[in-house]
Amino acid sequence: MSALRSEGEPRGGAWLAPWSLALAAVVLSFDYAFKRFCSQASATELDFLLGPTTALVRLVTGYAFVAESGAGYVSRDAHVIIAPACSGANFAIVAFTSLALGFGYRFASRLTSLAWLVVAGTTAYALTLVTNAARISLGLAFERSHALSAWFSAGAVHRGVGVAMYLGALVAIYLTAERVLGRRAVNVRFPLACYVAVTLATPLLGGAYHCPEFISHAMVVLGATTLAGVVLWGLHRADDKAVTRTLAGDDRDAHVPGRVDALERGRERSLPGQGDAALVPRPLA
């Protein structure tokens with residue numbers, strides 16, 4: 001029997017089930033605790049994020065970085081400091097929440113759902129290190145080459161690169177999880193909603209709307225998430241059409257003499273009331 005719930009289960013009912021609500025409470029409680037810790041942590045306390053990220057940036061760019069107490073990692077050659085604000089903690093929260101809640105409730109076993117939280121956390125951590133290092137490295141490359149300086153300020157380039165890298169990684173890991181698990185997530189827009197909630201809604205509650213810089217940031221985030229949403233929607237639509245064409249082709253082949261036996265032997269059907277969770281061969285007529 002598959003560890004995942006049937007594709008045809010009511011989504012709303014699944015979300016309102018007591019176990020799903022308990023799972024969401026666990027994830028959101030962890031998000032809050034981690035966010036609170038990172039907002040008050042020093043560079044030393046965030047070294048589990050800053051250290052590996054700096055090592056990857058050093059590997060990609062060749063710049064030397066030196067740890068400085070209270071500041072983070074400093075490169076005098078590149079004129080950059082990888083400080084606590086560059087840790088990528090917000091993205092780690094977004095990635096973890098998207099994976100944990102986007103797929104966690106779809107497992108039939110509660111133990112498997114809890115195990116998935118560990119997998120989601122580990123994946124989010126690794127993805128954060130790689131994506132954050134790529135973001136910093138790409139930002140340094142643009143800064144050194146002055147490729148976009150004629151059109152955008154350094155701050156705008158930094159912001160655009162960050163949003164593009166984070167959203168691209170988020171969409172990629174979400175689609176990959178769907179392929180690996182063999183099931184659609186709860187909602188194609190869910191990871192984008194998580195991203196907006198952490199990067200915009202949370203700062204707004206803290207009074208960030210008073211800062212003109214935040215307005216520019218919000219416009220970039222909303223524009224990028226809208227574009228990412230269109231891409232995700234298009235990919236899912238194309239996938240649905242491909243499945244429909246495949247099924248239609250199977251139906252046409254069933255009428256071709258000589259192929260009926262092969263199709264019947266290879267075709268499967270679901271047990272009554274179990275969706276596609278358990279499959280048995282269809283008996284020949």
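This note comments on the fold, the helix packing and the nonpolar core of a predicted model.

1. Overall architecture. The chain contains nine helices and five strands. Read from the N terminus, its elements follow the order α-α-α-β-β-β-α-α-α-α-α-α-β-β.

2. Burial and surface. Of the 285 residues in the chain, 38% are buried.

3. Contact range. Among contacts in the chain with a separation of 6 or more, 67% are between residues 24 or more positions apart.

4. Packing of helix 2 against helix 4. Helix 2 spans residues 18-40 and helix 4 spans residues 89-103; their axes come within 10 Å and cross at roughly 175°. Helix 2 is therefore roughly antiparallel to helix 4, since angles over 145 degrees are classed in this way.

5. Composition of that contact. Helix 2 contributes Leu-23, Ala-24, Val-27, Phe-30, Asp-31, Phe-34, Lys-35 and Cys-38. Helix 4 contributes Ala-89, Asn-90, Ala-92, Ile-93, Phe-96, Thr-97, Ala-100 and Leu-101. Sorted by class, the contact of helix 2 with helix 4 comprises 12 nonpolar, two polar and two charged residues.

6. Leu-21 lies in helix 2. Its relative accessibility is 45%, so Leu-21 counts as partly exposed; the buried class requires a value under 20%. Leu-21 and Tyr-105 are 84 residues apart along the chain, yet their C-alpha atoms are separated by 9.1 Å.

7. The nonpolar core. The largest nonpolar core comprises 61 residues, and Ile-82 and Tyr-195 have the most contacts inside it. At least two residues of this core come from each of the following: helix 2, helix 3 (47-61), strand 3 (80-82), helix 4, helix 5 (110-145), helix 6 (154-181), helix 7 (190-205) and helix 8 (212-253). Helix 4 supplies the largest share, namely 11 residues.

8. Surroundings of Tyr-195. Which residues does Tyr-195 touch, not counting residues up to four places away in sequence? The set consists of Val-94, Val-163, Tyr-166, Leu-167, Leu-170, Leu-200, Val-221 and Thr-225.

How values were computed. Residues are numbered from 1 along each chain as its sequence is written. This is a predicted model: local features need pLDDT of at least 70, side-chain atom pairs count only at pLDDT 80 or more; totals for chains, interfaces and linings use all residues. Side-chain values use heavy atoms; hydrogens and water are left out. Axes are lines fitted to C-alpha atoms, for helices over the stretch in contact, and angles run from 0 to 180 degrees between N-to-C directions. Helices (H or I, at least four residues) and strands (E, at least two) are DSSP runs, numbered from the N terminus. Angles under 35 degrees count as roughly parallel, over 145 as roughly antiparallel, 65 to 115 as roughly perpendicular and the rest as oblique. Contact means heavy atoms within 4.5 Å. Ala, Val, Leu, Ile, Met, Phe, Trp, Tyr, Cys and Pro count as nonpolar, Asp, Glu, Lys and Arg as charged, and the others, Gly among them, as polar. A nonpolar core is a set of buried Ala, Val, Leu, Ile, Met, Phe, Trp, Tyr and Cys residues joined through side-chain atoms within 4.5 Å. Buried means under 20% relative accessible area, exposed over 50%, partly exposed in between (1.4 Å probe, protein chains only).
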